Amino acid sequence: MAEQSKPEHSSEIEPQQFSLLDAQLSMLAAAWAVFIKDLRVELRTRYALNALVLFAACAAVAVSLGVGFIGLRRTDEALLIQATLLWIALLFAALNGLARGFVQEEEARTMAALRLAAPPIAVFLGKFMLNLALLALLGAITTLLFIVMVRVEVGSPLAFALVLAGGSLCLASATTILAAIISKASFKSALFAVLAFPLLVPPLIVAIQGTASALDEAALPAALASLQFLGAYSVATFVASLMLFRFVWEA
Amino acid sequence: MGSRFSVLGSRCATIGPVEIRLIVDGVGASYGARPVFSDVSLELRAGETLVVSGQNGSGKSTFLRLLAGLQRPDAGRIAYQLGNEAYDPRDAGRLLGWVAPDLMLYRELTARENLRFFAAVRRLRLDDGAIDALLERVGLGGRGDDRLAAYSSGMAQRLRYAYALLHRPPVLLLDEPTVTLDERGAAVVEAVVAEQRRHGIVVIATNDPRELRYGDLILRLGN
């Protein structure tokens, strides 16, 4: 099957011209480069941004039309309903937009170029940072819309911001690895939702409870347990994702 | 004495030039139940050029993807031997430059932004002058600030060479190297191959008779 003939010469490789940076710092620099590249591509195409913002706006309008003008009395149940609606809006907007990072690489067929050039950890960290940045923006927009349109009153802004950050960390870690997994599959959206459900439900329940506590006035001590859970869950998911990512990336 | 370097590590250190070898041992590939090729064995050293030829569907591109670590062989083993260390292709990205029709760069970015990005993730320090020189070398001088979406297929092919040569890899894998290129583009490829042959390994997948002459070794796949 294979024919082979031998050459007469061979030579040696010249030393590389370009110097290489220190290992750990350079890994972070590579991750930052992936993040900046993705951000630049996102700002020029606005695939994920449009999906996130439109979904958040639609959800806020729909909720405001449904319950915003009823004038719910500020009971524990009302706070829980508002927190649930806020996180439903955040969750579905996130599911709509956050898979784009890897899916777009696959659809644009740029994955091979990236795989040859970039260390897997740098790719994961870069995509994770982008998802986190998008979620921060989404959280800010959705919260603002809910405050204005649904008349949500935040009792403890600090606790509210911390719960929002903790929940976003959980969402970002889970959706980043899931996006990598589904990028090579058919029926990406359906698969993403199916895989995300069991991973995201536990932190979502806790985030809703924590947010409801944060909407109440004396909230920081009450939200502490939720914050601890969200912190631990996001760290566990992040570390597990880092360990798994190389296998997903090279599959 | 030259400077010692670790191609796969991220630290610079110093020694003389390092000999590289490509070892392919009993490699086979298949798609589902259909075998594409089997039992391919060969060894290449720095300075040697392998041309892979064969009819459509004989597995030329697949063979190069195996060498690039983008696909795993169904049988056999591929390794890059650098000094005393052997590297699996999946861990040898720093050793490899790959040009292929299915290699896509970012259409939303300019050529310069693409090269800067790939230099950064390869953890190379490359200033604008070096990037300009590389673009000039592949015939894209003056077009570095255009987005790839505005590039013709020939220009995109030239940029693939800039991507592949960015880190001066000791192994260059070229799949259909002159596809979509004009005469001047083909001359660029000829110069790149000639330069690479002086210090590294070149593997070319082609059926173009003009490119068969590059080969010190010919691997014919299929019937």
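## Nonpolar core

The largest nonpolar core has 143 residues, and the members that touch the most others are Val163(A), Val121(B), Ala162(B) and Leu173(B). A nonpolar core here is a set of buried Ala, Val, Leu, Ile, Met, Phe, Trp, Tyr and Cys residues joined through C-beta atoms within 7 Å. Helix 7 (residues 157-182) of chain A supplies the largest share of this core, 15 residues. In soluble globular proteins, nonpolar side chains tend to be buried together. A residue counts as buried if 20 or more other C-beta atoms lie within 10 Å of its own, as exposed if 12 or fewer do, and as partly exposed in between, with C-beta atoms placed from the backbone.

Leaving aside residues up to four places away in sequence, Ala162(B) touches Leu115(B), Leu134(B), Leu135(B), Val138(B) and Leu140(B). Contact means that the C-beta atoms of two residues, placed from the backbone, lie within 7 Å.

## Model and numbering

This is a predicted model, in which local features need pLDDT of at least 70 and side-chain atom pairs count only at pLDDT 80 or more, while totals for chains, interfaces and linings use all residues. Residues are numbered from 1 along each chain as its sequence is written, and chains are lettered from A and ligands numbered from 1 in the order in which they are written.

## Chain A

Chain A has nine helices and zero strands. Helices (H or I, at least four residues) and strands (E, at least two) are DSSP runs, numbered from the N terminus. Of its 251 residues, 45% count as buried. Among the contacts in chain A with a separation of 6 or more, 85% are between residues 24 or more positions apart.

Glu107(A) lies in helix 4 (residues 100-107) of chain A and counts as exposed because it has 12 C-beta neighbours inside 10 Å. Its C-alpha atom is separated by 31 Å from that of Tyr233(A), 126 residues apart along the chain. Arg151(A), in the loop between helix 6 (120-149) and helix 7 of chain A, has a positive phi of about 60 degrees although it is not a glycine. With 15 C-beta neighbours inside 10 Å, Arg151(A) counts as partly exposed.

## Sheet of chain B

Chain B contains an open sheet of five strands in the order 6-7-8-3-9, with parallel pairing. Strand 6 and strand 9 (217-221) of chain B are the edge strands, each pairing on one side only. From one strand to the next the twist averages 15 degrees. Two strands pair if DSSP finds at least two bridges between them. Strand 6 (residues 96-99) and strand 7 (residues 171-175) of chain B run parallel and are joined by four bridges, with Gly97(B) opposite Leu172(B). Strand 3 (residues 49-54) and strand 9 of chain B pair in the parallel sense over five bridges, and here Ser53(B) stands opposite Arg220(B).

Strand 6 of chain B is covered on both faces: Leu96(B) and Trp98(B) are buried on one side, Gly97(B) and Val99(B) on the other. Thr180(B), in the loop between strand 7 and helix 5 (183-199) of chain B, is a residue other than glycine with a positive phi, near 70 degrees. Thr180(B) is partly exposed, with 14 other C-beta atoms within 10 Å.

## Helices of chain B

Helix 1 (residues 60-68) of chain B lies across strands 3, 6, 7, 8 (201-205) and 9 of chain B, and runs at about 150 degrees to strand 8. Axes are lines fitted to C-alpha atoms, for helices over the stretch in contact, and angles run from 0 to 180 degrees between N-to-C directions. Eight of the nine residues of helix 1 of chain B are buried, so this helix is largely enclosed by the rest of the structure. Just after helix 1 of chain B, Gly69(B) takes a positive phi of about 80 degrees.

Helix 2 (residues 111-121) of chain B is also largely enclosed, because ten of its eleven residues are buried; these include Glu113(B), Arg116(B) and Phe117(B). Helix 2 packs against helix 3 (residues 128-137) of chain B at an angle of about 120 degrees, with the axes 11 Å apart. That makes the two helices oblique to each other, the class left over when angles under 35 degrees count as roughly parallel, over 145 as roughly antiparallel and 65 to 115 as roughly perpendicular. Ala111(B), Arg112(B), Leu115(B) and Arg116(B) in helix 2 meet Ile131(B), Leu134(B) and Leu135(B) in helix 3 of chain B.
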